[in-house]
Amino acid sequence: EPITVVTNAPNVRTGSRVAVAVVGSTVMTEEGEELTISKTTVGGTVSQGMLCDSRMLGWTGGAAGIAAQIPDSIAIGEAP
C-alpha cells in the first residue's frame with residue numbers, strides 16, 4: 001500500500017527507488033543514536049516515514065542526507 005513520505009533529500013525525484021523507514025522503524029543517526037520513526041507533518045503534508053541514507057542502513061559509502069538509491073535489479077522489499 002503506497003504511503004506519503006516528505007523529504008528534502010536533493011537526489012530524490014518522483015519515481016526514485018529509495019530505502020524508506022516506515023512509522024515504527026528504528027534507524028541510527030550520524031551520532032550513533034537510535035531514532036524511532038513517527039508520523040509527522042512537514043510543510044502541511046503528513047509524512048508516514050523517512051528516506052534513509054546509506055549510513056542509516058549500515059552500508060559503507062554514501063553521504064549523510066543523500067537518500068540511498070536502490071538499483072532496478074533489487075526487487076521491492078528485498079534486501080540488497
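Guide: Val-22 has its place in strand S1, which covers residues 20–22. The model shown here is predicted.

Visitor: Why does Val-22 count as partly exposed?

Guide: The relative accessibility of Val-22 is 39%. Buried requires under 20% and exposed requires over 50%. The value of Val-22 lies in between, so Val-22 counts as partly exposed.

Visitor: What makes the nonpolar surface patch that includes Val-22?

Guide: Ile-3, Val-20 and Val-22 make the patch, with an area of about 210 Å². A patch takes residues with over 30% relative accessible area. Val-22, at 39%, passes that cut-off.

Visitor: How many salt bridges does the structure hold?

Guide: The structure holds 1 salt bridge.

Visitor: Why is the contact of Arg-17 and Asp-72 called a salt bridge?

Guide: The side chains of Arg-17 and Asp-72 meet at 3.3 Å, N to O. The label requires a side-chain nitrogen of Lys or Arg within 4 Å of a carboxyl oxygen of Asp or Glu. The pair meets that limit, so the contact is a salt bridge. Side chains of opposite charge can pair when their charged atoms come close.

Visitor: What does the pair of Arg-17 and Asp-72 tie together?

Guide: Arg-17 lies in the segment before S1, and Asp-72 lies in the segment after strand S6 (49–51), so the pair ties together parts that are 55 residues apart in sequence.

Visitor: How do you know that Asp-72 is exposed?

Guide: The relative accessible area of Asp-72 is 68%. Exposed means over 50%, so the label applies to Asp-72. Arg-17, at 23% relative accessibility, counts as partly exposed.

Visitor: Why does Ile-70 count as buried?

Guide: Ile-70, found in the segment after S6, has 18% relative accessibility. The cut-off for buried is under 20%, so Ile-70 counts as buried.

Visitor: Why is Gln-48 called partly exposed?

Guide: Gln-48 lies in the loop between strand S5 (45–47) and S6. Its relative accessible area is 29%. That value is between the limits of 20% and 50%, so Gln-48 is partly exposed. Val-46, placed in strand S5, has 40% relative accessibility and also counts as partly exposed.

Visitor: Which residues lie nearest the centre of the largest pocket?

Guide: Arg-17, Val-18, Ala-19, Val-20 and Ile-76 lie nearest the centre, among 23 lining residues. About 620 Å³ of space lies in this pocket.

Visitor: How do the residues of the lining of the largest pocket divide?

Guide: The lining has 14 nonpolar, 6 polar and 3 charged residues. Val, Ala and Ile count as nonpolar and Arg as charged. Among the residues nearest the centre, Val-18 is therefore nonpolar and Arg-17 charged.

Technical notes
Residues numbered from 1 in each chain as written. Predicted model: local features only at pLDDT ≥ 70, side-chain atom pairs only at ≥ 80, totals over all residues. Heavy atoms only, no water. 1 Å grid on protein atoms, 1.4 Å probe; cavity = no way out; pocket = protein on both sides within 12 Å on 5 of 7 lines; lining within 4 Å. Points joined across faces, edges and corners; volume = space filled by probe spheres on them. Patch = residues over 30% accessible without salt bridge, like charges linked within 9 Å, V, L, I, M, F, W, Y side chains within 5 Å. Areas by Shrake-Rupley, 256 points an atom, 1.4 Å probe, with all protein chains shown as cover. Helix = DSSP H or I, 4+ residues; strand = E, 2+ residues; numbered from the N terminus. Buried < 20%, exposed > 50% of the residue type's maximum accessible area, 1.4 Å probe, protein only.
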